[in-house]
Amino acid sequence: SATLDASRFSVFWGGAPVGYVAGRQYPVNVYYAPEPQVDYVDSAATAVLQVHHEMANSPGDILVFLTGQDEIEDAAKVLRQRSSTERGAGGDSTAVPELLVVPLYAALPSELQARAFAVTPEGRRKVVLATNVAETSVTIPGIRVVVDTGMVKSRDFNPNTGLDTLKAVPVSKAQ
């Protein structure tokens with residue numbers, strides 16, 4: 001997040017009062033894929049299911065960052081299919097909570113967006129599939145795990161056609 005010189009800001013605004021709010025820090029474990037993933041949407045869905053099973057007896061929801069609506073809808077479809085197949089097959093899948101897949105993107109109607117912020121029903125684990133805009137603009141209660149594909153949409157100008165296109169590219173460290 002951005003940091004500003006509070007005293008300078010206060011002087012600029014004619015001696016405006018300055019308040020400080022202490023932030024909270026939580027322990028973070030970071031894991032990386034050993035190599036770049038060709039189908040990062042499928043890899044993110046696989047990672048979600050792995051984490052879901054690993055934390056079967058632990059509370060908490062999962063947040064996944066994808067680049068846009070199409071990827072979010074694709075990932076939602078994959079997760080719903082795979083989780084229902086696992087539950088239908090029985091085995092140890094009955095020991096893990098049911099997945100509640102919740103998309104979150106700008107074009108979604110507000111009542112459907114609100115599902116991402118609702119309390120997760122007992123016996124379920126919420127998986128919020130969001131664009132990376134959510135990284136800096138929203139806080140979703142209950143999130144314990146974040147799966148970041150490391151991809152963003154970037155505007156790309158094609159001089160041959162004179163058109164801009166949006167392409168999924170690896171995020172830079174500067175972003």
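Two strands count as paired here if DSSP finds at least two bridges between them. The model on screen is predicted.

**Stop 1: the sheet**

Select strand E1 (residues 61-66) together with E4; 5 bridges join these strands, which run parallel. To look at one of the bridges, pick Val64 and its partner in E4, Val147.

The open sheet has 4 strands, ordered E2-E3-E1-E4, with parallel pairing. Its edges are strand E2 (98-104) and strand E4 (143-148), each of which pairs on one side only. Looking across the sheet, the twist averages 20 degrees from one strand to the next.

Keep the sheet displayed and select helix H2 (residues 40-54). Helix H2 packs on the sheet and touches E1, E2, strand E3 (124-131) and E4. The direction of H2 makes about 170 degrees with that of E1.

**Stop 2: the salt bridges**

How many salt bridges does the structure hold? There are 3 salt bridges.

Start with Asp42 and Arg82, whose closest N and O atoms are 2.2 Å apart. Asp42 is in helix H2 and Arg82 in helix H3 (residues 69-89), so that the pair links distant parts of the chain, 40 residues apart. Asp42 has a relative accessible area of 26% and is partly exposed; Arg82, at 27% relative accessibility, is partly exposed as well.

Next, select Glu98 and Arg124, a salt bridge with the closest N and O atoms 3.3 Å apart. Because Glu98 lies in strand E2 and Arg124 in strand E3, this pair ties together parts that are 26 residues apart in sequence. Glu98 counts as partly exposed at 34% relative accessibility, and Arg124 counts as partly exposed at 30%.

Then move to Asp156 and Lys167, where the side chains meet in a salt bridge at 3.9 Å, N to O. Asp156 belongs to strand E5 (residues 151-158) and Lys167 to strand E6 (residues 163-170); the two are 11 residues apart. Asp156 is partly exposed, with 32% relative accessible area, and Lys167 is partly exposed at 41%.

**Stop 3: a nonpolar patch**

Finally, show the surface and select Leu4, Phe9, Phe12 and Trp13. These residues form a nonpolar patch on the surface, with about 530 Å² of accessible area together. Is Phe12 buried or exposed? Phe12 counts as exposed because its relative accessibility is 63%, and the cut-off for exposed is over 50%.

How values were computed: Residues numbered from 1 in each chain as written. Predicted model: local features only at pLDDT ≥ 70, side-chain atom pairs only at ≥ 80, totals over all residues. Heavy atoms only, no water. Patch = residues over 30% accessible without salt bridge, like charges linked within 9 Å, V, L, I, M, F, W, Y side chains within 5 Å. Areas by Shrake-Rupley, 256 points an atom, 1.4 Å probe, with all protein chains shown as cover. Salt bridge = Lys/Arg side-chain N within 4 Å of Asp/Glu carboxyl O. Buried < 20%, exposed > 50% of the residue type's maximum accessible area, 1.4 Å probe, protein only. Axes fitted to C-alpha atoms, helices over the stretch in contact; angles between N-to-C directions. Contact = heavy atoms within 4.5 Å.
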